[in-house]
Amino acid sequence: MQLGKLIYFCGKMGAGKSTESKKVAVTINGVLISEDDWLSALYPEQILSFDDYIQYSNLLKPLIKTHVQHLLRIGTNVVLDFPANTKKQRQWFKQLTTEISADSELIYLEAENELCLTHIAQRRIEQPSRSAFDTEEVFHHVNQYFEAPTPNEVYSLTVIKQTC
């Protein structure tokens, strides 16, 4: 049986990773797994800061890894709406697929800060429950850790330049 393919995303907060992941999942007939959905379902009202997010995201990763590897082994394409915004995060995705010899692709949504901030402001209006976390202050805090991907880090890299 042929293994499924993993698609995952890199981009600053507000670059459009969640929106693009939904489109890609439909296009490749893949299972979409959203970190935001899982975190809000498993840890409602517990993520109030960036440190909380890191803590609960790290608790989630072993479960997600096992689940995704199982799906890939049975030939199912998987789209992970989890950030791959640092070298360390991308290494986790690479390990996830390398362990089972599955193909993967990183889609990098390259966007200017101004566009990301516009998207974040719009998201606060559309999703009021996220307004405490989706702020300009959090954007700048998170953005200080952002590392654009390089081709030698991943097996397959697609860059999409986001514009207004």
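User: Is Lys5 buried, exposed or partly exposed?
Analyst: Lys5 counts as partly exposed, because its relative accessibility is 31%. Buried means under 20% relative accessible area, exposed over 50%, and partly exposed in between (1.4 Å probe, protein chains only). Please note that this is a predicted model: local features need pLDDT of at least 70, side-chain atom pairs count only at pLDDT 80 or more, and totals for chains, interfaces and linings use all residues. Residues are numbered from 1 along each chain as its sequence is written, and side-chain values use heavy atoms, with hydrogens and water left out.

User: Which side chain does Lys5 meet in a salt bridge?
Analyst: Lys5 meets the side chain of Glu105, at 3.3 Å from N to O. A salt bridge is a side-chain nitrogen of Lys or Arg within 4 Å of a carboxyl oxygen of Asp or Glu. The pair links distant parts of the chain, with Glu105 in strand β4 (residues 103-110) and Lys5 in strand β1 (residues 5-10), 100 residues apart. Helices (H or I, at least four residues) and strands (E, at least two) are DSSP runs, numbered from the N terminus.

User: And Glu105, buried or exposed?
Analyst: Glu105 is buried, with a relative accessible area of 14%.

User: How many salt bridges are there in total?
Analyst: The count comes to 5 salt bridges. Among them is the one between Glu110 and Lys161, at 3.0 Å from N to O. Glu110 lies in strand β4 and Lys161 in strand β5 (residues 157-161), so this pair ties together parts that are 51 residues apart in sequence. Glu110 counts as partly exposed at 29% relative accessibility, while Lys161 counts as exposed at 61%.

User: What about Asp134 and Arg123, buried or exposed?
Analyst: Both Asp134 and Arg123 are buried. Their side chains also meet in a salt bridge, at 2.7 Å from N to O. Asp134 sits in the loop between α5 (113-126) and α6 (136-143), and Arg123 in helix α5, 11 residues apart.

User: New topic: how many helices and strands does the chain have?
Analyst: The protein chain has 6 helices and 5 strands. From the N terminus on, the elements run β-α-β-α-α-β-α-β-α-α-β.

User: How much of the chain is buried?
Analyst: Of the 164 residues of the protein chain, 45% count as buried.

User: Last one: what box do the C-alpha atoms fill?
Analyst: They fill a box of roughly 45 × 35 × 30 Å, taken along the principal axes.
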